[in-house]
Every structure is written in structure tokens, then in C-alpha cells.
Amino acid sequence: MSLQQAPPSRVFVELVPWADRGRENNLVSGAETLPGLRRPLSSAQTQTATREVHVSGTAEVSAGPNRAQVTVRVSSTKEAAAEAKKSVYRRLDYITQSLQQQGLQAENVTVTKDFRRVENAYHMEAEVCITFTEFGKMQNICNFLVEKLDSSVIISPPQFYHTPGSVETLRRQACLVAVENACRKAQEVCNLVGQTLGKPLLIKEEETKEWEGQIDDHQSSKLSSSLTVQQKIKSATIHAASKVFITFEVKGKEKKKKHL
């Protein structure tokens, strides 16, 4: 999973408390104020009021697909039913044995069979649906089967996908990275103005979104059958973005006690 560098966070700082906790948007430019607007506290009130720093942070993360599915199909049409079955079973056994030798677990391999009458002959068809977690091994096995069985098998292009819950996991990671970015910015602001960052008073996720593949891939999607494996992985990659808003308490610098 790759992390992309987050855009610069917008930082809003309020180190002087106000009498009214109204919205900041009520402030107007110039010396005049509207009725009900908050006004600065006196120096005596400032000593006991809570000072705050407000920061927003963003993050974007991405994750490639963690599963791929390939279907291997073998078929035979013979005048005799036994001959059609024998032809398919021989290649089917070879495929399943090859998969076992490559270390594929039985739960990742599904075999379906279909036998029917076609005009004056019998048609036997079998499909082996294979789920891979290692894409390199997938390519090696597909190349091996093509080399050994040639045109007697049909191998479908790999279909890449994400396991259930992976989108939610990525969304949570984006939120955590955005919070981390906001905390770092708040700490840097407090250091810059000679203050100490206190505990968080409010953490709010304001925006979240996720999307699959590249935004400009709509044209290549029309030719998905001609995409390379790497292009298909890129197209199936999920991206998630998050924006958070955090309010921290701000404390003054603690004075060092002089030792007598």
C-alpha cells in the first residue's frame, strides 16, 4: 500500500480567547462590528479562558488489488460420450495436479463440469476457477499451462479485485493519516509562536471519498481486454482521501523553576 504525500494543510490559529463563542464568519473587516459579535476578553479574563488552535489536515492513500481470478476452460466434442469425457478428464487432472504442485490451496480452486448432447455428438466442458493472492505465481502458472497444453485450453484474462472490507480499511487509514498531518501542523504552529500544544478538544472528519483507478482511464477501459497485467492492476487500484478538522487546547510555555 502506497501513501501519497498530502497537500499542505490550511491552518487557522486563535491564541486570544473571545467572549462570544459564535462563528468566526461573523467577524467583519474594519473597526465596526455588528450586534452580537464576540469581543476580545480583558487581560484578567484571558488568564482563565481556554486558548485554542484550529487546524485542518488532508491525506490521500491508495492500495492495489489483493486478489486475482483466472478461469481455465477445457472442452471436447466426440461421437462417443466416453471419449469426450476421457479427453476432458485427462487435461483436467493435469491442471489440478499442476496447481497442487505450485502450492495452491484447495479452497482457492473451484471446478465445474458440464456434459450435454450436441446434434449427433457429445460435448464435455470443464472450468477451473482459480483465485490467486500472488500475482507473480499467477503469471507463471498461466504461462506453464499454455506451454504444456497449448490450444487445448482457454485461459481467461485475470480479473483483479479487492477483498470485502478493504475499502473501509483504506478509508480509515486515510483518516488517520489526515489526523496525523493536522497534529504535526498544529505542533509546528505552536512552536513557531512560542506556545505549548495541549490536548485535542474536537476532532471532526469533514470530507471523505474513494475512487478506483485513474480518473483519466475512461478511454482505456473500453479496451480492457488489451490492457497489460500492470495496467489492469493500476486500473483496479483503490484511492481514498480524507479531510479532518481538529481543535487543540493551547498552553503557555512553562517557566523553568530556578534552583537555589
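This report walks through a predicted model of one protein chain, moving from the whole chain to a few of its parts.

## The chain as a whole

The protein chain has 260 residues, and 32% of them are buried. Its secondary structure consists of five helices and ten strands. The accessible surface of the chain comes to about 17000 Å², and carbon and sulfur atoms supply 50% of that area.

Contacts tell us how the chain folds back on itself. Among contacts with a separation of 6 or more, 80% are between residues 24 or more positions apart.

Helix α3 covers residues 135-149, which makes 15 residues. From its first C-alpha to its last, α3 reaches 21 Å, close to the 21 Å expected at 1.5 Å a residue.

Which residues of α3 are buried? They are Phe135, Met138, Ile141, Cys142, Leu145 and Leu149. Looking down the axis of α3, you would find these buried residues within an arc of 120°, so they line one face of the helix.

The buried residues of α3 have several packing partners. Among them are the helices α2 (81-101) and α5. The strands β4 (67-78), β6 (121-132), β7 (153-155) and β8 (159-161) also pack against these residues.

## Helix α4

Helix α4 spans residues 166-192. With its 27 residues, α4 reaches 39 Å from its first C-alpha to its last, close to the 39 Å expected at 1.5 Å a residue. Its buried residues include Leu170, Ala174, Val177, Ala178, Ala182 and Val189. Ser166, Asn181 and Cys190 are also on the list of buried residues in α4. After the helix you meet glycine 194, which has a positive phi, near 70°.

## A network of salt bridges

The structure holds five salt bridges. Glu168, Arg171, Arg172 and Glu210 are linked in a network of such bridges.

Glutamate 168 has two arginine partners to look at. With arginine 171, the closest N and O atoms are 2.2 Å apart. This pair lies within α4, three residues apart, about one turn of the helix. With arginine 172, the closest N and O atoms are 3.9 Å apart. Arginine 172 and glutamate 168 are separated by about one helical turn, because they are four residues apart in helix α4.

Arginine 171 also meets the side chain of glutamate 210 in a salt bridge, at 3.1 Å from N to O. Glutamate 210 belongs to strand β9 (residues 195-212) and arginine 171 to helix α4, so this pair ties together parts that are 39 residues apart in sequence.

Arginine 172 is partly exposed with a relative accessible area of 46%, and glutamate 210 is partly exposed at 36%.

## Strand β3 and its partner β10

Strand β3 runs over residues 51-63, and eleven of its 13 residues are buried, so the strand is largely enclosed by the rest of the structure. Its antiparallel partner is β10, joined to β3 by 13 bridges. As one example of the pairing, glutamate 60 stands opposite alanine 241 in β10.

Where does alanine 236 sit? You will find alanine 236 in the loop between α5 (229-235) and β10 (238-252). Alanine 236 has a relative accessible area of 8%, so it is buried.

Apart from its neighbours within four places in sequence, alanine 236 is in contact with Pro65, Phe160, His162 and Glu212. The C-alpha atoms of alanine 236 and glycine 64 are separated by 6.7 Å, although these residues are 172 residues apart along the chain.

Note on methods: Residues are numbered from 1 along each chain as its sequence is written. Side-chain values use heavy atoms; hydrogens and water are left out. Helices (H or I, at least four residues) and strands (E, at least two) are DSSP runs, numbered from the N terminus. Buried means under 20% relative accessible area, exposed over 50%, partly exposed in between (1.4 Å probe, protein chains only). Contact means heavy atoms within 4.5 Å. Two strands pair if DSSP finds at least two bridges between them. A salt bridge is a side-chain nitrogen of Lys or Arg within 4 Å of a carboxyl oxygen of Asp or Glu. Accessible areas come from the Shrake-Rupley method with a 1.4 Å probe; for residues, only the protein chains shown count as cover. The expected span of a helix is 1.5 Å times one less than its number of residues. The arc is that of the directions from the helix axis to the C-beta atoms.
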